[in-house]
Structure formats: C-alpha cells, structure tokens
Amino acid sequence: MTRWGILGPGRIAHKFAQDLLTLPDAQLYAVASTNQQRAEEFASAYGAPHAFGSYEELLTLPDLDVVYVATPHIKHHENALMLLNGGVSVLGEKPFAMNSEQVRDMVDLARAKGVFLMEALWSRFMPGIEKALALVQAGAIGKVVSVKANFGFKAPFSPEGRLFDKALGGGSLLDIGIYPLFLSYLILGKPTGVKASAIFGSTGVDEQCGMVLTYSDGAIALLDSTLQAQTDCIGLIQGETGQIRIHSRFHETMGVTLVRENEEPTEFDFTRTTHGYDYEARHVMQCLAEGRTESPLWSLDDSLNLMALLDAVRAEAGIVYDSHQSSKGALL
C-alpha cells in the first residue's frame, strides 16, 4: 500500500484523489492546506486519516510515502524543496516551477538526497499518448515533418482568479500551452529555433500564445494556446508517409487514428472511466516499489528541457513574471 499525501486541496487535487480511490494499492493518507477546515473537509470526502492546516505538518508523518503537490504554479518550487528536504518523495504539478533555475534547484536537491521527484505531466502516461509515440518510433508514418497542436477554452474572466492573476503565475502558456509544447518535445525533442508571440489581456497575462519551433532535421512544430475561445484541442503528427491524429482533448486523449497512404484509417480506442490521473499515480507507485528516484519515462532531465522551452517561449513572446524571471534568460 502506497500512502499518499496531497498538498493543496484544489480542483485538480479532487480529481487526483478520486482516481486514487480506483487503485487498490493506494491510500490517500494525509491532506495539507493553509486552512484547517478545508483540509478536514477534503480528507473526510476521501477517507484520509490525517488533515493539516499547514503544509509543514506533512513532515510529521514518518510513514508517508509520497506527496502530490497541487498548489498554484508560484508555490511549486517552495513546496517541493520543503518536502525533499524532509526526505519525502514528490509528484509536483505542471508547470514544475516558474523557471529553469527553480527546476534546477529541485532536481539538484532530489538527486543529492536520493529522493524521488517527478513532474506531474500526466499526459506522458496516457495510453493514447504512449500509443502515438510508439507508432512514431516504429516508423508507422515515416520521418516526422511536423507536429501541430492547440489547446484553448473560453475562461470566465476573473481578475483575481488563478488564470488571470500574474501574481499567481496566470496566463495561457504556463497553464495549457505547456501541453502542445510537451507533445512537440515528446515527438521531436529539443528544437534549434523558437519563435513566439502573445496577446495580453487587461491583467497583463498572456491570454493567447502562438509558437513556431524548428528542428535540425527540417521538422517544424506549430503550437498555440488560448483562454479566449474553445479550440478543437487536437494533436496532429504528420509524417512523410502518413499521419497520427490524437483525438480531442489530445492531452488526455481516449482515441488515436493512424492514417497511412493507400490504407484505411486504423482507430485505437483508450476509453476509460477515470479522469486519467491514475496512470501517473500508478507509474509513481511502480517507481517507488522499484527503488527509483526518478521516472524512466518522464525524467528530471525531460522536465528541465521542457521548462527551458517555456523560458525560451516567454523570452520570445515577452511574457514576464517580475519575481520569477530566470536571471540567465532562456536556457534552451
């Protein structure tokens, strides 16, 4: 039995907790919030025996195996360092932190202490995404020439809300633009060139962001994110001899279509009854059982590379968070 803690009982944490209930070898063991009542209500809803009104109290549980950090972006670095210094394994929500230097802090500490750390890039563990990657690697569509992906929804405007408040790390890029970037990185690796542009709203956050990435082998990625409109949220991997369509919403897809020249399309179905957080939770539990300190599927180097991409896009598009800029600029 893996005993889980949750730090930050917000909307995503509820979904994560619901999916933990479907895993027979997982237990939600503790919940920590800055509000004792909120922690107790969350713990009661999912049968957790411990509820704390401060994050630090999680460190008082010697039998806690791993903590899922689901606080706002700007707190990920601070929260992860606290847990790692206490010897507690961490699954930290995306974006892993606010810039590459913060991620480097986390990675260096985890490796120095030999404590498990992984970014909660849940899409990496979705069966549909794994299938798309396997098809590419098997040469099913020949050489990849382009990746196209978009993620957009019409967010109700709230100046104090997480999505629109710069002080909370708001904006489309860090919240949802990370998913198209992740897909391009997963399929094509690190680019040699990054171009990006953003549209800023009244609160100063990027409400739209467009990205063009180029690669040494001649491939290109066309990516965008928006808080202003509902988009089709499809991922398209184009190869010289076919294409792979990752059905909407691609980051949590339940279907993939393979289209090859002179052949009927092949459909792959990955219907599920959970939100999909159980896949990453199961992977973390497997890593812990095997004594691993990082994932072989989404390594800490992968997280560093993805954050370097986010930094590069921010530098290109002029997306600035005053107290969370990398002093070294874009570290691509």
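**Contact between the domains**

Two residues are in contact when they have heavy atoms within 4.5 Å of each other. By that rule, 13 residues of domain 1 touch 11 residues of domain 2.

**Basis of the model**

The model is predicted: local features need pLDDT of at least 70, side-chain atom pairs count only at pLDDT 80 or more, and totals for chains, interfaces and linings use all residues. Residues are numbered from 1 along each chain as its sequence is written, and side-chain values use heavy atoms, with hydrogens and water left out.

**Domain layout**

Domain 1 covers 2–121 and domain 2 covers 127–275; the bounds come from an automatic or database domain assignment. Taken over C-alpha atoms, the domain centres are 27 Å apart.

**The interface**

Domain 1 and domain 2 bury about 1100 Å² between them, with 67% of this from carbon and sulfur atoms. Buried area is the accessible area (1.4 Å probe) that two parts lose on being put together, summed over both. In domain 1, the residues that lose the most area to domain 2 are His73, Lys94 and Leu121, together 41% of what that side buries.

The interface has 3 residue pairs in polar contact, both residues at pLDDT 80 or more. A polar contact is a pair of N or O atoms within 3.5 Å; within protein, one must be able to donate a hydrogen and the other to accept it, and residues adjacent in sequence count only if both atoms are side-chain atoms.

**Ser299**

Ser299 is buried, at a relative accessible area of 16%; buried means under 20% (1.4 Å probe, protein chains only). A polar atom of the Ser299 side chain lies 3.3 Å from the backbone nitrogen of Asp301.

Technical notes. Buried < 20%, exposed > 50% of the residue type's maximum accessible area, 1.4 Å probe, protein only.
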